[in-house]
Amino acid sequence: MNELQTAGQKTLQATENYTALAVQYLSSMGLNLQERHKTQFIQICQAYGLNPFKREIYGVPYGNNFNIIVGYEVYLKRAERSGKLNGWGVVYSNSGQDLTATITIYRKDWEKPFVHSVEFSEYNANTQIWKSKPKTMLRKVAIAQGFRLCFPDEFSGLPYTSEELGQDENELKQAQAQTFAQAQKTAENAPVLENREKYQASDFDTF
């Protein structure tokens, strides 16, 4: 067997393992998902190398629908890995309902910086987190949108962040942690919970 065949088999095996582990991760979080939603979630994880164990991607069911969202840090990490990022920054202007966040991104292969602005009035979800930390929330929106537009090849088709959908990532993490803890208590004999320690974040590091 040549090196190309060996590498191909390893990639296939890794993909199969990743799919099985990611499905069990979703189940361990207590998410009652339809099979098509699980498949969609796994395909996006594989396509973009997102690790649910590291909270890089979330599945949020509501009724018969299903939202897939990513953490805003995903955009920063992938932009850095591209080797094209040459710095970035966010500044604010105005205040209250007129608050604006502007991100400037520098690419090594572009002569001029990329500049993009988002307005508070367009994204304010009027929740407690948006009321208490408007700049922080708007900054995350600016980062996600700015990097998605500035690095279209790297981010085309990547799901939106929770902030863009009117949610807060930290609240989502806490809610999922609580759901997982409850699942442990109510399903102690479930195989996915018995074997949970086998599936650590390191299992996903190759993706």
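Colleague: How many salt bridges does a search of the whole structure find?

Modeller: Keep in mind that this is a predicted model: local features need pLDDT of at least 70, side-chain atom pairs count only at pLDDT 80 or more, and totals for chains, interfaces and linings use all residues. Residues are numbered from 1 along each chain as its sequence is written, and side-chain values use heavy atoms, with hydrogens and water left out. A salt bridge here is a side-chain nitrogen of Lys or Arg within 4 Å of a carboxyl oxygen of Asp or Glu. Searching the whole structure on that basis gives six.

Colleague: How many residues apart in sequence are the parts that Glu56 and Lys77 tie together?

Modeller: Their side chains meet in a salt bridge, 3.7 Å from N to O. Helices (H or I, at least four residues) and strands (E, at least two) are DSSP runs, numbered from the N terminus. Glu56 sits in the loop between H2 and strand E1 (57–62) while Lys77 is in helix H3 (residues 73–81), so the parts they tie together are apart in sequence by 21 residues.

Colleague: Is Glu56 buried or exposed?

Modeller: Buried means under 20% relative accessible area, exposed over 50%, and partly exposed in between (1.4 Å probe, protein chains only). Lys77, at 39% relative accessibility, counts as partly exposed. Glu56 has 13%, so it counts as buried.

Colleague: And which residue forms a salt bridge with Glu163?

Modeller: Glu163 lies in the loop between helix H7 (152–155) and helix H8 (169–186), and its partner is in helix H6 (residues 134–150), so this pair ties together parts 23 residues apart in sequence. Both partners are buried. The closest N and O atoms are 3.6 Å apart, and the partner is Lys140.

Colleague: What is the N to O distance between Glu164 and Arg148?

Modeller: This pair links the loop between H7 and H8 with helix H6, 16 residues apart. Both Glu164 and Arg148 are buried. Their side chains meet in a salt bridge, N to O, at 2.6 Å.

Colleague: What arc do the buried residues of H2 cover?

Modeller: In H2, His37, Lys38, Phe41, Ile42, Ile44, Cys45 and Tyr48 are buried. The arc is taken from the directions from the helix axis to the C-beta atoms. These residues lie on the same side of H2 because their arc around the axis is only 160 degrees.
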